[in-house]
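Colleague: Could you take a close look at one part of this model for me, starting from a single side chain and its salt bridge, and then show me what lies around it and elsewhere along the chain? I would like the cut-offs spelled out as you go.

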Amino acid sequence: MATFLYKLGRSAFRRRRLVALLWVALLALAGVGAATAPAATSSSFSIPGTEAQKAFDLLEQRFPGGNADGATARVVFKAPEGQKMTDPANKAKVQDVVGELKAGSDEVAQVTDPYTAQAVSKDGSTAYVSVSYKVSGMELSDATREALQKTGHDAQGKGLTVEIGGDALQTMPETGAGEIVGVVIAGIVLVITFGSLVAAGLPLLTAIIGVGIGVSSITALANVLDLGSTTSTLAMMIGLAVGIDYALFIVSRYRAELADGREREDAVGRAVGTAGSAVVFAGLTVVIALVGLAVVNIPMLTKMGFAAAGTVVIAVLIALTLIPAMLGFAGAKIVGRKERKGLKKPDDKPNMGTRWARFVIRRPVMVLLVGVLGLGAIALPAASLEMGLPDDGVKPTSATERRAYDLLSDGFGPGFNGPLMVVVDGDKAVADATVKKIEGLNGVVAVTPPTPNKAGDTAMITVIPKDRPSSVETENLVHDIRDATDDNVLVTGATAMNIDFSQKMNDALVPYLALVVGLAFLLLMVVFRSILVPLKAALGFLLSVVAALGAVVAVFQWGWLGSLFGVEQTGPIMSMMPIFMVGVVFGLAMDYEVFLVTRMREAYVHGERPGEAIVTGFRHSARVVTAAAVIMIAVFSGFIGMTDQMIKMIGFGLAVAVLFDAFVVRMAIVPAVLALLGHKAWWLPKWLDKALPNVDVEGEGLVTEDAGPQEPERELVKV
């Protein structure tokens, strides 16, 4: 592989104008496609094989035209102090709102009158109007949303407190300035690392081009492939981070080859042949982890994984082709001014990476214990992990959805924010018997009479729980209803869907871990020609990801330092968080593992002792890996500032996981373990060594590529 990539790098360097033109053309093509593509009209969420999904499908069959998947909204009214919603004046205002809502859009299916639907609180202070639509929340037109908001605003001006909740207001997550701040921090880190604005700008420029192509392609295909709004955000997050890192690896190795006295074209070839090989395998581990999300069998998650994996593939291709081309354009400016003018003398003093590696080698047991026990302590909160999907109660108080949520909780009880829908596959007698069974269960506030379909063979029952949608008590109630009723009674609704989603994620975690870690283990065994090194890499990753989950639980579930990260309401951890972090962080963690340890492996196979090889690896790679980790942390931290709770949690979790994995696991635990293992770290049975393909990540095959006039030139320079 090193030989092939060496030739690819040199070819891209020589034909740099053509390569740059092709990538710019791809960016323009993707941009035009995104600009001209119809807006995504659907963002369907289905969980095949769950009871909630079966009930949903049954509703669509037995209640044709019932818009079971249609958007809903609740317009919540609160009377001024000393008044009631049943007062004639306030009642007239609400009636006006009901009329305006019915006439506000053709997409409105039904509007309920709170005075006939028993939607007025016992103390008369609060009432709500339920609105159902013919299309899903993501399919609603902007005009419909504006009409809904205008109606609420007009009523607010008449002296009532009016807030609106429900998925009818669901829109694309609001982005803040955090992502821009992350990119700015990345630029500063790159300038410090390279000492050259040109060298610092290349990774940023190429990463932005790659993300532009990836996100534009996702936007262009969103309508056709039914991609949700979170898909492009995830692709941007992952693509930007790995795009900068991969380019950083190539540029750093190129500068090192130039410092050894190589000609520019040869230096590019060697940089792509060695560091490029590490980029390919690091990228493969990320792709495996993201594509592996398909085993969960949740279409939305599968699409997110494939889309993000596509952006990673683009980042790898750009690192192997566009970066060499841009290095050709950069010329001598790729190094700092002092190096170009020969003013900077070689520094024979050991750098920070060398000093740290020697410290770890002298005290491997102490470093190992401190690292493992420290991460273990941070991981302790993960034992209290409660999973669910965030509801409007975790949104900031500035959002009308959150204020509507609070008004309903105060006026009717927290359970009104997450009613359960029970679907009875049977006649009226069966439905009535089901109502009696449910009424006898603990945690039930109210049960509505059955609503039959036209054929009379199916009925819907609404159950109001006592506790809020994301509580453990509500989850227990769902299980109690299912246990107390027959197979022809199905529980669904947003709350039940969330519970089933969480269960499905739990069930898929072990198979997913086995698939992803198993494939990556085989891949790393090919790269490192070792059994213990990949095993150590996998175990270290598990330690860092569990520690990161512990930090997520402490902040988002327990509320520790919550105000610092904009967490206004604690609650359960997003149910996809553990499996999502396993997938993404595993791939990213292997970036550092591959880049750091391949340099050690390279030194070891060229004759250095195990301890010397560790020091050599850190001398050449620690600075770059540190810079890459800081950049990733900055990029992920930028997403903590978003208003969407799910994106905020993902950004925090990934940033913390990279912090733990890069600086504790890869920089401390890995060299400590390798120092303790010595030569055994690189042991591989002879039969396995013969069976595994030799991909030559260390670049041994490049020695033969120097035949011709370049070899003597290099020798003359060295002399």
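Modeller: Happy to! Arg 529 is buried, with a relative accessible area of 9%; here buried means under 20% relative accessible area, exposed over 50%, and partly exposed in between, with a 1.4 Å probe and protein chains only. Please keep in mind that this is a predicted model, in which local features need pLDDT of at least 70 and side-chain atom pairs count only at pLDDT 80 or more, while totals for chains, interfaces and linings use all residues. Residues are numbered from 1 along each chain as its sequence is written, and side-chain values use heavy atoms, with hydrogens and water left out.

Arg 529 sits in the loop between α17 (494-528) and α18. The helices (H or I, at least four residues) and strands (E, at least two) are DSSP runs, numbered from the N terminus. The backbone deserves a look too: Arg 529 has a positive phi of about 50 degrees, although it is not a glycine.

The partner of this side chain is Asp 689, which forms a salt bridge with Arg 529, the closest N and O atoms being 2.7 Å apart. Asp 689 belongs to helix α22 (residues 686-691) and Arg 529 to the loop between α17 and α18, so the pair ties together parts that are 160 residues apart in sequence. By salt bridge I mean a side-chain nitrogen of Lys or Arg within 4 Å of a carboxyl oxygen of Asp or Glu. While Arg 529 is buried, Asp 689 counts as partly exposed at 37% relative accessibility.

Let us move on to α18 itself. Helix α18 (residues 532-557) packs with helix α21 (residues 645-677) at an angle of about 145 degrees, their axes being 7 Å apart. Among the residues in the contact of α18 with α21, 22 are nonpolar, four polar and four charged; Ala, Val, Leu, Ile, Met, Phe, Trp, Tyr, Cys and Pro count as nonpolar, Asp, Glu, Lys and Arg as charged, and the others, Gly among them, as polar. As for the geometry, axes are lines fitted to C-alpha atoms, for helices over the stretch in contact, and angles run from 0 to 180 degrees between N-to-C directions.

The side chains of Glu 593 and Lys 536 meet at 2.5 Å, N to O. This pair links distant parts of the chain, with Glu 593 in helix α19 (residues 577-605) and Lys 536 in helix α18, 57 residues apart. Glu 593 is buried at 1% relative accessibility, and Lys 536 is buried at 9%.

What about the other salt bridges? The structure holds 21 of them. Arg 253, Glu 257, Arg 262, Asp 266, Arg 270, Arg 599 and Glu 602 are linked in a network of such bridges. Lys 428 and Asp 432 meet in another one, at 2.9 Å from N to O. Both lie in helix α15 (residues 428-439), four residues apart, about one turn of the helix. Here Lys 428 is exposed, with a relative accessible area of 62%, and Asp 432 is partly exposed at 28%.

Gln 118 is not a glycine, yet it has a positive phi of about 55 degrees. Gln 118 lies in the loop between β2 (108-111) and β3 (126-133) and counts as exposed at 73% relative accessibility. Ala 117 is found in the loop between β2 and β3 as well, and is partly exposed, with a relative accessible area of 40%. From Ala 117 to Ile 461, 344 residues apart along the chain, the C-alpha atoms are separated by 14 Å.

One more stop is Asn 694, in the loop between α22 and α23 (710-718). Asn 694 counts as exposed at 61% relative accessibility. Asn 694 and Asp 427 are 267 residues apart in sequence and 68 Å apart in space, C-alpha to C-alpha.
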